[in-house]
Amino acid sequence: MTRQFGTVGVVGLGTMGAGMAEVFARTGLAVVAVDVDDEGVTRGRCHLEQSTGRAVARGKLDEAGRAELLGRITWGTSLDALAGCDLVVEAVPERMELKARVFAELDRVCGPDTVLASNTSSLSITELGVHTGRPDKVVGMHFFNPAPVLKLVEVVKTVVTEPDVVADVVALVERLGKSPVVIGDRAGFIANALLFGYLNHAVRMYEARYATREDLDAAMRHGCGYPMGPLALLDLIGLDTAYEILDTMYHQSRDRLHAPAPLLKQMITAGLLGRKSGRGFYTYDGVDSPTAVPDALTPVAAEEDVPAREVRRVGVVGTGTMATGIAEVFAKRGYDVVLRARTEAKAQAAVAKVGKSLHKAVTRGKLTAADRDAALARITPAADFERLADCDLLVEAVAEDLAVKRAVFQALDEVCKPGAVLATTTSSLPVIECAAATSRPEDVVGLHFFNPAQVMKLVEVVETISTAPEAVATARRVCLDLGKHPVHCGDRAGFIVNALLFPYLNDAVRMLEAHYAGADDIDNAMKVGCGLPMGPFELLDVVGLDVSLAIQRTLYLEFREPGFAPAPLLEHLVTAGRLGRKTGKGFRDHT
């Protein structure tokens with residue numbers, strides 16, 4: 001029989017503590033909520049009243065239920081009020097000395113059978129436990145923000161935590177309607193160990209002025225389906241909290257990728273902590289507000305200083321999924337398209353492939369039969385490069401092989417008219433290498449569409465050191481006309497999305513390789529705890545382990561970061577022919 005917790009204490013009533021108090025009270029538990037002073041208690045009450053008020057407004061709670069929930073909570077400013085609790089969870093700021101003092105005092109106040117838990121996201125549960133006389137009854141209960149909404153709870157056990165205590169806490173988490181994941185005690189646990197390296201990398205990109213805050217965030221939202229961009233998420237978490245988590249992770253891992261970006265420390269010193277202070281990477285309309293408002297860094301719409309070239313006819317080189325998808329996108333928008341393949345038969349087959357995709361759109365009610373026929377009529381198959389001579393924009397979408405791409409660009413350079421913009425859809429190869437194969441590097445840009453091109457809104461517009469401003473302006477204007485969301489970045493490995501995504505995937509493989517957690521738990525932690533559409537191993541199997549390995553190798557060779565070196569397990573799986581869904585076996589077996 002698992003132990004039933006009747007009264008739960010919460011220490012620290014910031015956003016996280018107040019959210020946990022709401023979760024416990026919503027489940028019918030009596031809650032004793034404690035903060036250091038009346039101001040802290042008032043802040044906690046406000047958080048709870050606002051949160052439950054939103055729940056009422058959305059029809060998820062009625063006024064009677066709200067009153068009952070709030071009535072289950074007792075407020076106080078002394079830890080002595082927690083003496084009768086069965087479980088106490090601390091949620092004070094992420095500083096070891098502060099948490100240690102709280103645990104020592106809770107050990108004095110609470111009965112010998114009371115379980116003591118920490119909501120820390122990175123600090124050692126083992127170290128907290130030694131500040132008590134009951135380390136066997138100390139666990140981690142890491143809720144995710146906002147606690148009333150997110151389902152994941154990481155239950156962290158130490159080498160001395162009693163198995164019965166772990167089982168009792170897991171049962172409580174399930175009673176709360178949450179999804180527990182039981183793991184060992186190491187910095188960052190699962191979710192934060194994977195999340196914060198990615199967030200720190202995004203800050204370094206922004207710090208280096210590689211991309212704007214808006215483009216960084218839009219790239220991950222539109223390119224990966226993330227619910228928030230990395231800089232907006234840091235503002236929600238709090239930059240001071242993020243710094244402490246990263247610093248703790250770095251001191252355990254000594255991985256330079258976990259060393260907090262210097263910009264974080266500068267912003268914290270300046271009081272720019274994110275939403276909690278009303279300003280972080282973005283500016284908000286008030287303290288604790290989720291609403292960002294324009295500020296001095298907000299891009300202005302009227303930035304058409306550089307004239308774009310006129311584009312009416314588009315050439316697409318390639319016959320794969322990306323090439324036919326891009327041809328379809330342009331044709332549906334009214335552009336005349338020449339779809340070039342190595343032979344006339346392959347070109348005709350590629351056009352037929354577009355026709356099949358357009359027909360599916362008709363059957364799904366997303367396109368009329370007349371629009372389908374008009375779009376298909378705009379696409380001309382071709383086998384000779386000369387047929388591309390009068391195109392205003394050329395989009396290369398052949399195999400991700402630099403020699404093949406350079407050969408295409410040499411051929412385009414010979415036949416295309418002056419002023420035509422030449423674009424490559426490469427996802428990781430240097431755009432400048434393609435440009436160097438021509439006599440007109442100023443006309444070459446990267447246009448990295450995402451698959452499927454018909455659906456995904458993001459396009460990374462990549463300019464080299466040689467690209468003319470007019471070519472960039474033309475690429476941007478075309479993307480906007482297609483209904484896409486262009487983001488701008490420089491010509492370096494991975495651009496924005498892959499440079500942020502694949503090191504995170506590689507870190508997940510390393511975590512699995514170290515037997516810290518299984519693939520299912522890691523996937524579940526990232527989907528449930530961070531709201532990601534797919535877990536890392538699901539995504540790796542979809543992308544293809546060979547493709548992922550090639551991108552990770554490219555990133556490592558470009559940046560020479562030890563942390564970017566491909567995980568040996570990834571290399572071994574590729575060598576064994578386990579490439580993911582395309583071979584039926586990857587990190588999982590697929591039928």
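Trainee: Hi! Where is Phe 189 found?
Mentor: Phe 189 is found in the loop between strand E8 (179–183) and helix H7. Helices (H or I, at least four residues) and strands (E, at least two) are DSSP runs, numbered from the N terminus. This is a predicted model, where local features need pLDDT of at least 70 and side-chain atom pairs pLDDT 80 or more, while totals for chains, interfaces and linings use all residues. Residues are numbered from 1 along each chain as its sequence is written, and side-chain values use heavy atoms, without hydrogens and water.

Trainee: And what is phi of Phe 189 near?
Mentor: Phi of Phe 189 is near 50 degrees, which is positive in a residue other than glycine. Most residues other than glycine have a negative phi, and most peptide bonds are trans.

Trainee: Which peptide bonds are cis?
Mentor: One of them runs from Asn 145 to Pro 146, with omega near 0 degrees. Pro 146 sits in the loop between strand E6 (138–143) and strand E7 (152–156). Another runs from Asn 451 to Pro 452, with omega near -5 degrees. You'll find Pro 452 in the loop between E16 and strand E17 (458–463).

Trainee: Changing topic: how many cavities does a search of the whole structure find?
Mentor: The search turns up 3 cavities of 30 Å³ or more. A cavity is a set of points, on a 1 Å grid over the protein atoms alone, where a 1.4 Å probe fits but cannot get out, and a pocket is an open set with protein on both sides within 12 Å along at least five of seven lines; lining residues have an atom within 4 Å of a point. Points are joined across faces, edges and corners, and a volume is the space filled by probe spheres set on them.

Trainee: How much space lies in the largest cavity?
Mentor: The largest cavity holds about 90 Å³ of space. Its lining includes His 201, Asp 255, His 258, Tyr 504 and Asp 507. Helix H7 (191–207) and H18 are the elements that give two or more residues to that lining, and H18 has the largest share, with 4 residues.

Trainee: How does that lining of the largest cavity split by class?
Mentor: The largest cavity has 6 nonpolar, 3 polar and 2 charged lining residues. Here Ala, Val, Leu, Ile, Met, Phe, Trp, Tyr, Cys and Pro count as nonpolar, Asp, Glu, Lys and Arg as charged, and the others, Gly among them, as polar.

Trainee: What lines the second largest cavity?
Mentor: Leu 194, Leu 195, Tyr 198, Tyr 226, Tyr 504, Met 526 and Leu 532 do. By class that makes 7 nonpolar, no polar and no charged residues, around a volume of about 40 Å³. The largest share, 3 residues, comes from H7.

Trainee: Now pockets. What volume has the second largest pocket?
Mentor: The second largest pocket has a volume of about 1100 Å³. Its lining takes in 40 residues, with Met 322, His 448, Asn 451, Val 543 and Val 547 lying nearest the centre. Among the elements giving two or more residues are helix H12 (321–332), strand E16 (444–449), helix H18 (497–513) and helix H20 (536–543).

Trainee: Which gives the most to the lining of the second largest pocket?
Mentor: H18 does, with 6 residues. By class, this pocket lining divides into 25 nonpolar, 12 polar and 3 charged residues.

Trainee: At what angle do the axes of H18 and H20 cross?
Mentor: They cross at roughly 115 degrees, and the axes come within 10 Å. Axes are lines fitted to C-alpha atoms, for helices over the stretch in contact, with angles from 0 to 180 degrees between N-to-C directions.

Trainee: Which residues in H18 and H20 meet?
Mentor: On the H18 side they include Leu 501, Phe 502, Tyr 504 and Leu 505, and on the H20 side they include Pro 536, Phe 537 and Val 543. Contact means heavy atoms within 4.5 Å. By class, the H18 and H20 contact has 12 nonpolar, no polar and no charged residues.
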